[in-house]
Amino acid sequence: MILHALELTHVGRFRDTVRLGPFASGLNVLAAPNESGKSTALHATARALFDRHSTRSEEIKALQPAGTSLAPCVTVEFETRQGRFRLAKTFLQKPESHLHQQRSGTWELIAEADAADQRVQALLQSSLPGRGATRPEHWGFLGFLWARQGEPALWPGLDDAEIGQRIRARLARVELDPVIEQLRDRLAAAAEAIITSTGQPRTGGPLREAEDDLATLDTALAEVRRTRAELEENLQHYQQSEAEVARLEKEHTERTAVATTLRDQASAAERLRAELDGRLQALATAQEKLTTLTADAETLLRLQREQTGAQTALTQSRAAAQGAEQGLLELRTRLDQAQADQPPRETALQSLRAGHQRLQSLIRSRQLAAAATASVKQLKKAETATAAITVLEARKTQLPALAPAKLKKLEELSESARDHRTRLQALGLTVELTPEKKTSLENHGDARAPQQTLPAGKPTRLQSPQAMDLHLAGWGRIVIRSGSQEAQSAATDLAQAETALQEALQQAGVPTIEAGREAIAARKDLETQLKAALAALAPHLGDHETIEKLRQAAAAEARRAEASITALAPTDAEQARSLTDLESAEAAAAESVSAAETALATFNKQLAKLRTEERTAGQTAQQVARQVSEHEAALRSLEARIKSITERYPDSLDVAKKTAQLAFAQAEARVIATKAELPPEFEKLPERNKRAAASLQQITNDLQARRTERDQAKATLEILGGQGLYSRETELEEKKAEATLRRDAARWLGWSARVAHDLIEHRKQAATKAVLAPLEQRLTAAFAELTGNAARQVFLDERLQIAGIGRTRDEIHAFEQLSQGAKEQLLLCLRLAVAQELATDEPQVLILDDVLVNTDPVRQDRILDVLGTQAARLQILILTCHPDRYRGVGNQIKIEGNQSVEISR
Amino acid sequence: MLRFVHSSDWQLGARFSQFGPKAAQLRAARIVTLQKALDLALSKQADAFLIAGDLFEDNQVDDGLVRTVLDLFGARSSLPIYILPGNHDPHTGPDSVWQRKAFLNAPHHVHVLREALAVELGNNAYLLAAPLRQKLSSHDPSLKLAELVTTVPAEAIKIGITHGALAIESKHQPNDFPIALNAASRAGLDYLAVGHWHNWLTDTDSGRIVMPGTPEPDRFTNDDSGHVAFVEIDGPGQSPRIQKLPVATLDWRSFSFDFLHPEAARASLAAALTALTPAAYRAVVRVTLAGTASPAALHETRTWLATSLTPFLVGQLVDETRVALTAIELADLRTRHPILAQVLADIDRLEAFAGGHVAAVIASPSDASLAPSPAVTTPPLTLAEAQALLAPAKIDLTQLTPTWFAQLRQTIFQSLREVSP
């Protein structure tokens, strides 16, 4: 489709009617400033061509002039291969639509209202949305061929719309086989009904249903099989129990017979056993009697032998007692004698010790006196050092208490006053007097120097803040005044500073700063001397913290020395002796004492030994006397026992013994006879009988338990066996086979449809790919012509979208990453290619609504060259707000206010 | 003279998974056959009706079936019925079908031979039974008969009954109750009624050992089944006279259709099906399609068979065909739908990758007029492309069978037919 002319009334800024056209078949440039209505004119054209006349969408209302409710009217003259048409639409108020066709030079009305809308839609192969205004994707080919202001870098997806498909097919010259398309769609539908895109069974589809059925059947089958397995297990268990029961029953019978036999044997043996026990008892009694008689005879013989021995021992012990008495008497005599010698020896030792102690006391007294003397000397030295320290401290207190920080402050104040003075001198009055002859001067304004003598010929400078009142001798009075405010202020400041300085000096206690500096230096020097004096005092104090404590210690030592002398009361001779003599005498005395102590100790040992021997002899005598007594008692006892035995047997012991031996022999014979009647191993019979009974009981219990098990297994088998498990399994297996067939059939069908569909798609894309290269070459050539750079290629993807540009496909700059300018130019190339293709069927318009805003002037020229070339085959309509860029290009169209405009060619 | 009917391997309650919903009908047919056999025995004035094992398919058949069978037996109280447990329904113990209350309280004329014993049949005849108590054994059950023989009068007619495989070289398994081929003469029997195999078998041990086979066929390969044996023995030591009586209710037929000669095959099959049609209600028919044919021919034949098999009780179609285009068809396809031609070539490649045999074009490809046009010479499908194609739907190449590829081609041609009739 191409445009011939536009007429707008009540559209945007065009309150009156505006006509644009006729448009040429080639390049048309509509240049106008921003907001002049050029895009509005094209938008209105699109609304007229593609929207229903009855639409009342916001996009239509936006066509109305601002602030009005006027009805927009748009008339479009256009041409397709079906002919030339004129469409006139009125929106909103009394909407209308009229379509005329030019036939034989005249316009004939061919449709109105909705029919007109539909006819245009058919002519332009456009579509309508369900509701609301149309969008570019509804505008047929024009949607692709109109690069709209502000949206130059968008490219609608070619896959989505039928138009896009056709364009792609046209570009790639891929054959569109409607049959294959339908086949593909049918296969896709068939596959999707069964499986999802990821190959999973579609919910609600036949495959999923079959799988669900199979799952249910498998669950049921598993349950039936589990029950059958349980039955099999129970059967095995039953058979085992049955075999076990048979075995146990046989064993039970055998053991019952054995137990009965044993029981009988045990009873018979029991009776014989009782008889044997009685006879054994009688035998034991006879034996005991015989044993007693034999023992009595032996005892009597032994006692008689012992009696003889006891007699002999008594005689011997009496002789020993006599000897022990004699020895004891002798030892006692010797002991008495030794005890008499002990006291004199002890007395002598005590005397030696006393002399030694006296000598030691004298030595200690001498030592105490010497220590007291030394303490006094130490104290004197410490007092001297302390006095020196006191003097230093007194001198220190006399110094002013001026700290360095305070001195600094005084210096600052002095400096400040100096500054003020200087300033004042600068600001104040300065008078220089140079008398010709010597004279005197009175300065009434200077209290510090009221009178001074001025030498002849020498200048004397006088300063004052503001005024001077001078009296020169021989001349008269001079009063000088200054009106300077600053000087006054400086004088005030100076006075304040000097006052502050004086007050500070007073506070510090120094007359001048120099005196302060000297005071600080003197204080420092005193402190150094004090430190030295304290260091000299320390050794004299020793362990004492203060001199007072040292004084107390010295006094204490003196008292101790005095007390010692008073207690000892040494004689003159002792006092006359030297300390060395005393120490020698003390050493000798110590040796004498030691020797005397050793001798006394030896004597005491000998005395103790005698006492021990005396004691031992006494004990021995006592012991021997006891032995004599014991022997006498033993003899008496033996005699009594012999008497008791002989009195028990009046007929004599031998006769009694013979009678007992006879009785024993008879009892023994009866026992032997009874034993011979007992069966072999009779003593084991009770235990064997017991074991046999226990064994029988155990087998009986086991048999009962196994019978119970068997019966339970049998009951279970009867129950399970009657459930018809095989028939149930059969039914499920048959259903499962059918479901399996359904599942396999569905899966096979789904896969078939899917694979067939995918193979068709694969081949279609392969076909597209095959023609990608030529299309890329065309676009590359066009882009190279636009940019002047032939080194870069344009690459497309399989969907014929621009992938990017670069030297190779692997190293492309993706479209999204390109600059806006590059994107605009690439899309222009693609639009040109599309337009060229479509133009083979019918004329096409390419609308570029201010889309090359990011293109530099150099490239702009190239683009114009390309557009100029393409204009031979296409109608190109450029809307721009940069008329300068398009001077002399194509057919120039202008919009000037609400007037009809003409084309300038 | 002694007359009796010898049957075995009824296997009532058997499973027919391959026939889906029709399985129940096949099972029901066996009950009809049993009824028929019992009535036949009555009509022949038989002294006994012997079932030599496998009356039931399994010990765990449902009670309903047991009651049905006992009702049949009960309705024929003048016919003594002797049932021997076989390897499918051995008398294993309390779980056995023979321990169901129904059988424990069976009518007096129904005798379940649970133990090895000798039973007097009357007419100077004794039945010596060696039943089975387990599913498998390497023990010859007929050995017991030799022991039982000593417990019956020597001058009586001695009929043995047991169940197992005749120990024919390479025809039996060692643990399948092997019965010696001279079991009857070894035990001094006049007749040994055996069950186990499903086809009729005599001529063993001078004709004294008979295996009648299953009275009702249960598969397409039982060529000689569907009978019971009617036996007459005049006296002890006499040779038995055996009649092979057909009793089958269903007619199992298997046909093949080879596309090598489609017209002849169709005519032959049509005639066979027509002949079966009067008894279609009891016909179990299977038709196997084989060979290679064009899509149109395959479609047409399948459609015809789908209709033709409908009247039969079971009409099973086994499709082993392969679809292939003629050279002309392929050239036409390339011209009209080049992409589809490429797709078919891709399918061939796919099938080759999957390890299957690729169907060839029927006509010779050497005809120059049938050469592919240059426009459709595209690179063949690679293995990587094939795997990438199948991956999104998680289709494993190794799972794709020749049958599936046949269906794939069929799906394409069927869909093509639907979109471009």
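Visitor: Hi! Are α7(A) and α14(A) roughly parallel or roughly antiparallel to each other?

Guide: Helix α7 (residues 206–398) and helix α14 (residues 653–677) of chain A pack at an angle of about 160°, with their axes 8 Å apart, and are therefore roughly antiparallel to each other. Angles over 145 degrees count as roughly antiparallel, under 35 as roughly parallel, 65 to 115 as roughly perpendicular and the rest as oblique. Axes are lines fitted to C-alpha atoms, for helices over the stretch in contact, and angles run from 0 to 180 degrees between N-to-C directions.

Visitor: Where do these values come from?

Guide: This is a predicted model, where local features need pLDDT of at least 70 and side-chain atom pairs count only at pLDDT 80 or more, while totals for chains, interfaces and linings use all residues. Residues are numbered from 1 along each chain as its sequence is written, chains are lettered from A and ligands numbered from 1 in the order in which they are written, and side-chain values use heavy atoms, leaving out hydrogens and water. Helices (H or I, at least four residues) and strands (E, at least two) are DSSP runs, numbered from the N terminus.

Visitor: Now A:R710. Which helix is it in?

Guide: A:R710 sits in helix α15 (residues 685–721) of chain A. Leaving aside neighbours within four places in sequence, A:R710 is in contact (heavy atoms within 4.5 Å) with A:Y238, A:S241, A:E242 and A:V245.

Visitor: On to chain B. What is the strand order in the open sheet of six strands?

Guide: The order is β4-β3-β2-β1-β13-β14, with mixed pairing. Two strands pair if DSSP finds at least two bridges between them. β4 (110–112) and β14 (241–246) of chain B stand at the edges with a single partner strand each, so one side of each has no neighbour in the sheet.

Visitor: How do β13(B) and β14(B) pair?

Guide: In the antiparallel sense, over six bridges. B:F230 stands opposite B:Q243 in β14(B).

Visitor: And which strands does helix α1 of chain B lie across?

Guide: Helix α1 (residues 23–43) lies across β1 (2–7), β2 (48–51), β3 (81–83), β13 and β14 of chain B, running at about 145° to β2(B).

Visitor: Last one: at what angle do α7 and α11 of chain B pack?

Guide: Helix α7 (residues 295–308) and helix α11 (residues 402–419) of chain B pack at about 85°, with their axes 10 Å apart, and are therefore roughly perpendicular to each other. B:P295, B:A296, B:H299 and B:R302 in α7(B) meet B:Q410, B:F413, B:Q414 and B:R417 in α11(B).
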